[in-house]
Amino acid sequence: MSFGEPEGYDEDARPHPLGRRGRSQAVAAAVCLVLGAGLIGGAVTGSWLAGDSGGSGARSGFAAAGDLWRNVPVDQLFPPTVRGGGAGPGGADRTWTRVAVAPDSGCEEAFDPLLRTVLDPVGCARLLRATYTDATRSHVTTVGLLFTKADAAGMASLARRFETERLDRRTDLMPLPYAAKDTTAAGFGARQRASWTISVLTDAPVVVYAVSGWADGRTVADPQPAGEAMESGTTTAPAQAGLGHEARGLADRVERGVRGHAGTATERPS
C-alpha cells in the first residue's frame, strides 16, 4: 500500500496537492533570494572597500604611531606646558613647564647598559626626550618616548616580560635623565634619580618613561619606583616629596598625547 500526497482545494473546489508551489510563486521566491544575496554582498563589499575592519584600523593605527616622531611637531608631543589635573598627592593639581628638549637621537648613550639590553629585542628607531620642572621649580622630570622597530607581537612580548618580571620596579633598570646646561635641570644626573616609571605600549611601537628628582641636584641613596612611592602611607623621601606622582603624572599625559595623535592620523575625513 502506498499513500498519495495530501490534497487541498482551490477557490473552484478543485483538488490540488498541498506543499507544491505554482510556477509564479517559485519564480518570485527565486527573485527575492537573488536580490537579498545581492544586498548582503554589496554591504560586505562596501564595508571592505571603506576599510571598516577593526583589525585593519588597529594595524594602521599601530603603524601611524610609529611615525609620530617625524610627523608630529615636538611641541605637540612634549607641550611647553602640561597640566595634570588631580595628578599630585591627594589628588592635587599639577602643572609642568618644559625646560629642555634633547635633540632626537638613537639610543646608544641614552640608557644604562642593562636597560639597553632589556630593550634591545624591540630595537630603537628614534628616541625623543624632554625635561620639565614643576610650578615650584623644586622638582625636575625627564620624560622619554622610545620609538621601536618592533611589530605588535614584539611589543606585546616585551610588555609581558616587564609585567611578569616586574622590570619596571628594578632600580638597576632606571632610565637616565636628560640634563641641559643653564636650566633648572642642569644638575639632574644619574645619581639624582629619585623615582621613575616605564610603560611598554602594545597598541603602538613606543616605550614611554619618566624619571624625576630634586632640582637642587641632591643625590638620592634609595630611589623608588613611582608605583610604590605613590602608595598611601609611604614615608620614603621620594614619596614624601611627591616625586612618584611627578614621574607617573607627566608620563601618563605624554602617553595620552601619543595615543591621541595616532588616532587622529588614522581617522578618515568626514
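Me: Leu-145 first. Buried or exposed?
Reply: This is a predicted model, to start with. In it, Leu-145 is buried, because its relative accessible area is 0% and the cut-off for buried is under 20%.

Me: Which strand does Leu-145 lie in?
Reply: Strand S6, which covers residues 139-147.

Me: And what is Leu-145 in contact with, leaving aside neighbours within four places in sequence?
Reply: The list includes Leu-77, Phe-78 and Leu-127. Val-206, Val-207 and Val-208 are also on it, as are Val-254 and Val-258. Arg-126 is among the contacts too.

Me: How far apart are Leu-145 and Val-206, in sequence and in space?
Reply: They are 61 residues apart in sequence. In space, the C-alpha to C-alpha distance is 6.5 Å.

Me: Switching to charges. How many salt bridges in the whole structure?
Reply: The search finds 11.

Me: Take Arg-161. What does its side chain meet in a salt bridge?
Reply: Glu-165, at 3.2 Å from N to O. Both residues lie in helix H6, residues 152-165. They are four residues apart, about one turn of the helix.

Me: Next, Glu-228. What's its salt-bridge partner?
Reply: Arg-169, with the closest N and O atoms 3.3 Å apart. Glu-228 lies in helix H7 (residues 226-229) and Arg-169 in the loop between H6 and strand S7 (195-200), so the pair ties together parts 59 residues apart in sequence.

Me: Where do Glu-228 and Arg-169 sit on accessibility?
Reply: Glu-228 has a relative accessible area of 27%, so it counts as partly exposed. Arg-169 is at 29%, also partly exposed.

Me: What about Asp-203? Which side chain does it meet in a salt bridge?
Reply: Arg-259, at 2.7 Å from N to O. That pair links distant parts of the chain, 56 residues apart. Asp-203 is in the loop between S7 and strand S8 (206-214). Arg-259 is in helix H9, residues 243-265.

Me: Which residues are joined with Asp-203 into one network?
Reply: Glu-255 and Arg-259, through salt bridges that share partners.

Me: Last one. What are the accessibility values for Asp-203 and Arg-259?
Reply: Asp-203 has 39% and is partly exposed. Arg-259 is at 37%, so it counts as partly exposed too.

Notes. Residues are numbered from 1 along each chain as its sequence is written. This is a predicted model: local features need pLDDT of at least 70, side-chain atom pairs count only at pLDDT 80 or more; totals for chains, interfaces and linings use all residues. Side-chain values use heavy atoms; hydrogens and water are left out. A salt bridge is a side-chain nitrogen of Lys or Arg within 4 Å of a carboxyl oxygen of Asp or Glu. Helices (H or I, at least four residues) and strands (E, at least two) are DSSP runs, numbered from the N terminus. Buried means under 20% relative accessible area, exposed over 50%, partly exposed in between (1.4 Å probe, protein chains only). Contact means heavy atoms within 4.5 Å.
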